[in-house]
Structures are given as structure tokens and as C-alpha cells.
Amino acid sequence: MLTHWHLDFPTKLVNSTCMELHNASNALSALSQTSRLELFRLLVISGDDGMPAGQISSELNIPKPTLSFHLKELSTAGLILAERHGRSITYKINIEGIRELIEFLTEDCCQGRADLCNLSNNSTNTLPTNLL
């Protein structure tokens, strides 16, 4: 497996796998499109209940074929989950995927002192409200 080396403060080399970089890049790329970012934010608001595709389409005024493409991109990036209920599919955010992205982005924040930027480990299954 290829690896990427980066400097950890003050001067220690830390090994970060390219897979982490690849996953983070995919997630950020998925969120870089306006409609997908609006869709993601709508699902954040919907919480654990999620939202069926038809309702998402109506709320965001996105045609269903286009919405299907955006949902696939966010799902592939690990940011949302789909649950089938009969003929309907409900979409909701993937808390673990979001947490992994935030942890990756803030890994070296404040020179490794998470307490300086209020990013200390959160023992619950929810994201800190200041990060959403």
C-alpha cells in the first residue's frame, strides 16, 4: 500500500495512508457541488429519521434522475446511508462517515492539542454541534 508522509508538530514524521487521503478527497469532492451540499444539509436537519427520495426531490426542487445521481455520489463518498422500506428508500446522514472526515481534516489541528480548538474526543455517537 502506498503511503503519504507528513510532518507532525514539531518535527516528527507521521505515516498517513493514501486511502485516507483518497476517501477524504472523495467526500470533499462530493460536497463541493451546490446541489449535493444542499441535499447533505437537508439530511443533516432531518436527523435519524432521514427523508424519502420523493420528499427530498420536492423540498429541493431537483428532478428525480438528477437527485438519484447526487444521492449516489454522496453515498459512494460515505456521507449518507440508504434504507429500503418496501418500494421507498429513505436517506440519512452517515454519522460515522462524517466523523471520519472531520477527524481527518482536524488530525493535526492546533499542533495535536485538540483541547485548544475544542475538538477533543466525543464519546457519544453524535457530532459536536459546533461542527455541524
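1. Basis of the model. The model is predicted, so local features need pLDDT of at least 70 and side-chain atom pairs count only at pLDDT 80 or more, while totals for chains, interfaces and linings use all residues. Residues are numbered from 1 along each chain as its sequence is written, and side-chain values use heavy atoms, with hydrogens and water left out.

2. Overall fold. The chain contains 5 helices and 5 strands. Both kinds of element are DSSP runs numbered from the N terminus (helices: H or I, at least four residues; strands: E, at least two). Their order along the sequence is β-β-α-α-β-α-α-β-β-α. Among contacts (heavy atoms within 4.5 Å) between residues at least 6 apart in sequence, 46% join residues at least 24 apart.

3. Surface and burial. Of the 132 residues in the chain, 29% count as buried. Buried means under 20% relative accessible area, exposed means over 50%, and partly exposed lies in between (1.4 Å probe, protein chains only). The accessible surface of the chain comes to about 8,800 Å², of which 53% belongs to carbon and sulfur atoms. Such areas come from the Shrake-Rupley method with a 1.4 Å probe; for residues, only the protein chains shown count as cover.

4. The nonpolar core. A nonpolar core is a set of buried Ala, Val, Leu, Ile, Met, Phe, Trp, Tyr and Cys residues joined through side-chain atoms within 4.5 Å. The largest one has 22 residues, of which L39, F40, L43, I56, L71, L74 and L79 touch the most other members. At least two residues of this core come from each of α1 (18–31), α2 (34–46), α4, β5 (88–93) and α5 (95–106). Leaving aside residues up to four places away in sequence, F40 touches L31, L74, L79, I93 and I98.

5. Helices α2 and α4. These two helices pack at an angle of about 75 degrees, with their axes 10 Å apart. Axes are lines fitted to C-alpha atoms, for helices over the stretch in contact, and angles run from 0 to 180 degrees between N-to-C directions. The pair α2 and α4 is therefore roughly perpendicular (65 to 115 degrees). On the α2 side S35, R36, L39 and F40 take part, meeting L67, F69, H70, L71, E73 and L74 of α4. By class, this contact has 6 nonpolar, 2 polar and 2 charged residues. Here Ala, Val, Leu, Ile, Met, Phe, Trp, Tyr, Cys and Pro count as nonpolar, Asp, Glu, Lys and Arg as charged, and the others, Gly among them, as polar.

6. Helices α3 and α4. Helix α3 (residues 53–60) packs against helix α4 (residues 64–76) at an angle of about 110 degrees, with their axes 10 Å apart. Helices α3 and α4 are therefore also roughly perpendicular to each other. In this contact A53, G54, I56 and S57 of α3 meet K64, L67 and L71 of α4, giving 4 nonpolar, 2 polar and 1 charged.

7. The loop residue N61. N61 sits in the loop between α3 and α4. Although N61 is not a glycine, its phi is positive, at about 55 degrees. N61 is exposed, with a relative accessible area of 68%.

8. S88 belongs to strand β5 and is partly exposed, at 31% relative accessible area. Apart from residues up to four places away in sequence, S88 touches P52 and E83. The C-alpha atoms of S88 and P52 are separated by 6.7 Å, although the two residues are 36 apart along the chain. H85, in strand β4 (residues 80–85), is partly exposed at 45% relative accessibility. Its C-alpha atom is 9.5 Å from that of P52, 33 residues away along the chain.

Methods
Angles under 35 degrees count as roughly parallel, over 145 as roughly antiparallel, 65 to 115 as roughly perpendicular and the rest as oblique.
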